[in-house]
Amino acid sequence: MTRNPEITPKVRPELTPSLEELEAQERRLVFRRFTHEDAWALGSLLVEMARERQAPVAIDIHRAGQQLFHAALPGSTPDNDAWIARKRRVVERYGSASYLVGARFRAKGTTFEESSRLDPDRYAAHGGSFPVHVEGVGVVGAVTVSGLPQVQDHRFVVEALERFLGLDR
């Protein structure tokens, strides 16, 4: 299978999401519940989307410290699993999308690596991990993708969540 060159087009700076857009995504993408079956269905949707695009990604869904779904598509590598763990830890610690956490540091004129005081071998505030937020409960887990440039990893997860939650209409 040859990789689709259109899956990773260069992202123009004007397409980088603003803090307001990122925060609005988190307010909007909230689950009523999140079960093992939901994790399987969401993970399967992500795999389907990745296959359609020939995206070389790894996909991971965690809830309450337990891995409920994992898939590695052709072209992904063990490094993607390491990135998944680092990005997921940011969501678990901050309760926000890994890309949003990094954007908040950049908005303050610094970087996550310089100012968080966290080990960069364990934490990465790069795009691709999004909180699983359950209405009335809070953040219970994370859905994470790794393999594309960080803005595209983030947008890929958001698109899947919008479809899964029926908000893409």
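This briefing describes the sheet, the helix packing and a few single residues of one predicted model. Residues are numbered from 1 along each chain as its sequence is written, and side-chain values use heavy atoms, with hydrogens and water left out. In this predicted model local features need pLDDT of at least 70 and side-chain atom pairs count only at pLDDT 80 or more, while totals for chains, interfaces and linings use all residues. Helices (H or I, at least four residues) and strands (E, at least two) are DSSP runs numbered from the N terminus.

**The sheet**

- An open sheet is formed by 4 strands in the order β2-β1-β4-β3, and the pairing is antiparallel, where two strands pair if DSSP finds at least two bridges between them.
- The edges are held by β2 (66–72) and β3 (129–134), each with a single partner strand, so one side of each is left without a neighbour in the sheet.
- On average, neighbouring strands of this sheet are turned by 15° against each other, direction ignored.
- Helix α3 packs on the sheet and touches β1 (58–63), β2, β3 and β4, its direction making about 155° with that of β4; contact means heavy atoms within 4.5 Å, and angles run from 0 to 180 degrees between N-to-C directions, with axes fitted as lines to C-alpha atoms, for helices over the stretch in contact.

**The β3–β4 hairpin**

- Strand β3 pairs with strand β4 (residues 138–146) in the antiparallel sense over 6 bridges, and the two form a hairpin with 3 residues between them.
- Within this pairing, Val134 has Gly138 in β4 as its bridge partner, and Pro131 stands opposite Ala142 in β4.
- In the turn of the hairpin, Gly136 has a positive phi of about 75°.
- Strand β3 is mostly covered, with 5 of its 6 residues buried; buried means under 20% relative accessible area, exposed over 50%, and partly exposed in between (1.4 Å probe, protein chains only).

**Helix packing**

- Helix α1 (residues 19–28) packs with helix α6 (residues 150–165) at an angle of about 30°, their axes being 11 Å apart.
- The two helices α1 and α6 are therefore roughly parallel to each other, a term for angles under 35 degrees, whereas those over 145 count as roughly antiparallel, 65 to 115 as roughly perpendicular and the rest as oblique.
- From α1, the residues Glu21, Leu22, Gln25 and Arg28 meet His154, Arg155, Val158 and Glu162 in α6.
- Helix α4 (residues 98–107) is mostly covered, with 7 of its 10 residues buried, among them Tyr99, Leu100, Val101 and Phe105.
- The buried residues of α4 pack against α1, α3, α5 (112–115), β3 and α6.
- After α4 comes Gly109, whose phi is positive, near 85°.

**Single residues**

- Glu92 lies in helix α3 (residues 78–94) and is partly exposed, with a relative accessible area of 45%.
- Although Glu92 and Phe130 are 38 residues apart in sequence, they are 9.7 Å apart in space, C-alpha to C-alpha.
- Ala64, in the loop between β1 and β2, has a phi near 50°, a positive value in a residue other than glycine, and Ala64 is exposed with a relative accessible area of 69%.
- Arg117, in the loop between α5 and β3, has a positive phi of about 65° although it is not a glycine, and Arg117 is exposed with a relative accessible area of 79%.
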